[in-house]
Amino acid sequence: MKPVALGPNKKLKGRSNSASWYKEIWKHRMTYTLLVPGLIWLILFAYLPMGGLSLAFKHYRANDGIWGSPWVGFENFKYVFRDPTFAQAVWKTLYINIIKLVITFPFPIIMALLLNELRMRKTKKLFQTVFTFPQFLSWIIVSGIVINVLSFDGLLNSALSLFGLPTINFLGSEKMFLPMLIMTDIWKSTGWGAIIFLAAISGIDQDQYESAQMDGASRLQQMFKITLPNILPTVTIMFILNVGGLMSAGFDQIFNLANAATQNASQVLDVYIYRITFQSSTDFSFSTAVSLFRSIVNMILLLAADRVAKLMGGDGLFR
């Protein structure tokens, strides 16, 4: 028997797959054209800047530029891990973010469930608009509001003085700094986060609610037996994404709300990177090494959370 030649068949099969792939793209060319601006933005601002990560392995010299600076290997990382302030910043970042995640994460879910129970559309839209509006305020504006309300001569302390009660140093207390972060974060982001869960709720089959009503289920039972189980995949994905950002404590919020009196409580990793880059002897290689370490840890946390979600029977981000 003569041996069967498989090479040409494989080539023909590969060419046919490529031809069908190109034909499919050309068929939906208008749809793909809409993706071009987003792809250009992604390449310019997300992928090309990754070349700057090479600074973490170099001794940066302004005269030589990024590409001309000499390589030093992992020397910058050795200095990073020897710095006690770095270890404190990592611990403070994880401490603040874990507490914020545990406390603030359920609020958008609860708000979405409550808004979903409102049957008056105008009232529902009004509440949704009111609760979403703070998301469009920058942290500079939010910090200005907080200072006007909580400072020594602010609204709250003025009210306390009016009733003969002692004033409280809200902005200058390290113990009050974390609760202030949590409260402002809840106030600013809860309404915006609820939109995602409301969108998930809107996709639930209404026949399930009608069947439950026929069986005599109350509104509360429908919420726990139908609504929550159906939005659980969305809750899982949002939780995984939040875990993937545990090493990023929200620089804008902390930088604008912190002051000299709360410096120790606000020394998170983002603020640490800012200070070693702009407020001390400038060392871009050192700060890039810290940023790269933070990104790697965030990626590990993201993959770990995704794996745990799958082991618990949920849906993850990656197949």
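Residues are numbered from 1 along each chain as its sequence is written, and side-chain values use heavy atoms, with hydrogens and water left out. Because the model is predicted, local features need pLDDT of at least 70 and side-chain atom pairs count only at pLDDT 80 or more, while totals for chains, interfaces and linings use all residues.

**Confidence**

- The protein has an average pLDDT (the predictor's confidence in each residue, from 0 to 100) of 84, and 91% of the residues score at least 70.
- Over residues 1-6, pLDDT stays under 50, and the model has zero contacts there beyond four places in sequence; contact means heavy atoms within 4.5 Å.
- Where pLDDT is low, the predicted coordinates should not be read in detail.

**Helix 6**

- Helices are DSSP runs (H or I, at least four residues), numbered from the N terminus.
- Helix 6 covers residues 106-117, twelve residues that should span 16 Å at 1.5 Å a residue; the expected span is 1.5 Å times one less than the number of residues.
- Buried residues (under 20% relative accessible area, 1.4 Å probe, protein chains only) in helix 6 include Pro108, Ile109, Met111 and Leu115.
- The buried residues of helix 6 pack against helix 5 (84-104), helix 7 (121-132), helix 10 (174-202) and helix 12 (219-243).

**Helix 4 with helix 15**

- Helix 4 (residues 75-82) packs with helix 15 (residues 284-311) at an angle of about 75 degrees, and their axes are 9 Å apart.
- Axes are lines fitted to C-alpha atoms, for helices over the stretch in contact, with angles from 0 to 180 degrees between N-to-C directions.
- Helix 4 and helix 15 are therefore roughly perpendicular to each other, a label for angles of 65 to 115 degrees.
- Asn76, Phe77, Tyr79, Val80 and Phe81 of helix 4 make the contact with Ser285, Phe286, Ala289, Val290, Leu292 and Phe293 of helix 15.

**Gly172 and Glu174**

- Gly172 lies in the loop between helix 9 (155-162) and helix 10, whereas Glu174 is in helix 10.
- Gly172 counts as partly exposed at 25% relative accessibility, and Glu174 is partly exposed at 38%; partly exposed runs between the buried limit of 20% and the exposed limit of 50%.
- Leaving aside neighbours within four places in sequence, Gly172 is in contact with Ala261 and Thr262.
- With such neighbours left aside, Glu174 is in contact with Ala261, Thr262, Asn264 and Ala265.
- Gly172 and Ser266, 94 residues apart in sequence, are 12 Å apart in space, C-alpha to C-alpha.

Notes: Helices (H or I, at least four residues) and strands (E, at least two) are DSSP runs, numbered from the N terminus. Angles under 35 degrees count as roughly parallel, over 145 as roughly antiparallel, 65 to 115 as roughly perpendicular and the rest as oblique.
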